Amino acid sequence: MKAAAGSNLKKVTLELGGKSPNIVFDDADIDKAISWVNFGIFFNHGQCCCAGSRIYVQEGIYDKFVEKFKERAQKNVVGDPFNENTFQGPQVSQLQYDRIMGYIDTGKKEGAKVEIGGDRHGKEGYFIQPTIFSNVSEDMKIMQEEIFGPVCSIAKFKTEEDAIRVGNMSTYGLASAVHTTNLNTAIRVSNALRAGTVWVNQYNMLHHTLPFGGYKESGIGRELGEAALANYSQTKTVSIRLGDALF
């Protein structure tokens with residue numbers, strides 16, 4: 001942005017990552033929600049800007065959800081990305097591997113509970129176990145900073161208002177999700193979440209017709225959809241007088 005402003009004022013679009021909330025209400029189809037939550041964080045080894053890394057589950061199903069989510073995540077096959085049975089491959093580099101492991105260590109030191117994972121996978125390569133933290137607070141580093149790896153945190157909430165409050169408790173605003181069988185709840189919460197994309201009963205379902213981009217510190221401008229064309233267009237006004245002289 002500084003370079004663009006200091007040269008010839010070229011437009012810039014920025015997609016700057018996120019710390020996206022994935023919110024599950026008591027009335028959600030729990031098995032379907034777990035499948036989407038698992039895909040939302042562990043897809044592409046967690047190296048996804050819109051990864052649903054903050055998972056909020058309503059207290060009525062919280063304990064059951066945690067146990068079933070742990071079971072599901074442990075079924076994710078970690079290994080050779082060229083093997084068709086592999087779900088999660090390695091991190092992109094030694095630098096990123098070390099960065100993610102550093103966040104895991106910080107989470108442990110700050111008092112979060114490791115439900116599963118929390119260590120490397122195997123003895124070679126940049127593989128990290130799917131990791132789920134619980135017993136987290138909003139001020140923890142693992143709840144505020146983008147990890148960009150197969151690491152998520154799960155917390156419970158009581159009311160719809162609580163879900164909206166914690167969902168928005170981030171400097172990021174790229175994406176989010178709401179899982180519920182109540183359409184009214186889905187619409188209310190979607191409208192209240194300060195995020196560029198809200199998925200309802202799904203996650204990571206991008207489409208070329210749907211604009212994608214962030215609120216707050218998650219970026220400027222939009223990719224995809226008609227809105228993306230604004231980044232490559234300029235508006236011109238031409239005004240023609242057809243009547244007699246006015247003055």
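Accessible areas here come from the Shrake-Rupley method with a 1.4 Å probe, and for residues only the protein chains shown count as cover.

**Entry 1: the whole chain**

I started with the ground rules: this is a predicted model, where local features need pLDDT of at least 70, side-chain atom pairs count only at pLDDT 80 or more, and totals for chains, interfaces and linings use all residues. Residues are numbered from 1 along each chain as its sequence is written, and side-chain values use heavy atoms, with hydrogens and water left out.

I looked up the surface next. The protein chain has an accessible surface of about 13,500 Å², and carbon and sulfur atoms hold 52% of that. Its C-alpha atoms fill a box of roughly 80 × 45 × 35 Å along the principal axes. I found seven helices and 11 strands; these are DSSP runs numbered from the N terminus, with helices being H or I of at least four residues and strands E of at least two.

Of the 247 residues, 46% are buried. Buried means under 20% relative accessible area, exposed over 50%, and partly exposed in between (1.4 Å probe, protein chains only). I also checked contacts (heavy atoms within 4.5 Å). Among those with a separation of 6 or more, 67% join residues 24 or more positions apart.

**Entry 2: helix α4**

I moved on to α4, residues 94-109. This helix has 16 residues and reaches 22 Å from its first C-alpha to its last, close to the 22 Å expected at 1.5 Å a residue. The expected span is 1.5 Å times one less than the number of residues.

Which residues of α4 are buried? I noted Q96, Y97, I100, M101, Y103, I104 and G107. They cover an arc of only 150° around the axis, so they sit on the same side of α4. That arc is taken from the directions from the helix axis to the C-beta atoms. What covers these buried residues includes β5 (131-134), α5 (141-144) and β6 (151-157). On the face turned away from the buried side I found the exposed residues L95 and K109. Just after α4, G111 takes a positive phi of about 100°.

**Entry 3: Q47**

I picked out Q47, in the loop between α2 (30-42) and β3 (54-58). Is Q47 buried or exposed? Q47 is buried, at 12% relative accessible area. Leaving aside residues up to four places away in sequence, Q47 touches P90, Q91, V92, Q96, F148 and G149. One of these, Q96, is also on my list of buried α4 residues. I checked V151 too: Q47 and V151 are 104 residues apart in sequence, yet 10.0 Å apart in space, C-alpha to C-alpha.

**Entry 4: positive phi**

Most residues other than glycine have a negative phi. I wrote down N204, which has a positive phi of about 60° although it is not a glycine. N204 is in the loop between β9 (197-200) and β10 (215-216) and counts as buried, at 11% relative accessibility. L224 is also not a glycine, and its phi is near 70°. I found L224 in the segment after β11, partly exposed at 32% relative accessibility.

**Entry 5: a nonpolar patch**

Last stop: I240, in the segment after β11 (219-220). I240 is exposed, with a relative accessible area of 66%. Together with V238 and L242, I240 forms a nonpolar surface patch of about 400 Å² accessible area.

Conventions
Patches are made of residues with over 30% relative accessible area and no salt bridge: like charges are joined within 9 Å, nonpolar side chains (Val, Leu, Ile, Met, Phe, Trp, Tyr) within 5 Å. A salt bridge is a side-chain nitrogen of Lys or Arg within 4 Å of a carboxyl oxygen of Asp or Glu.
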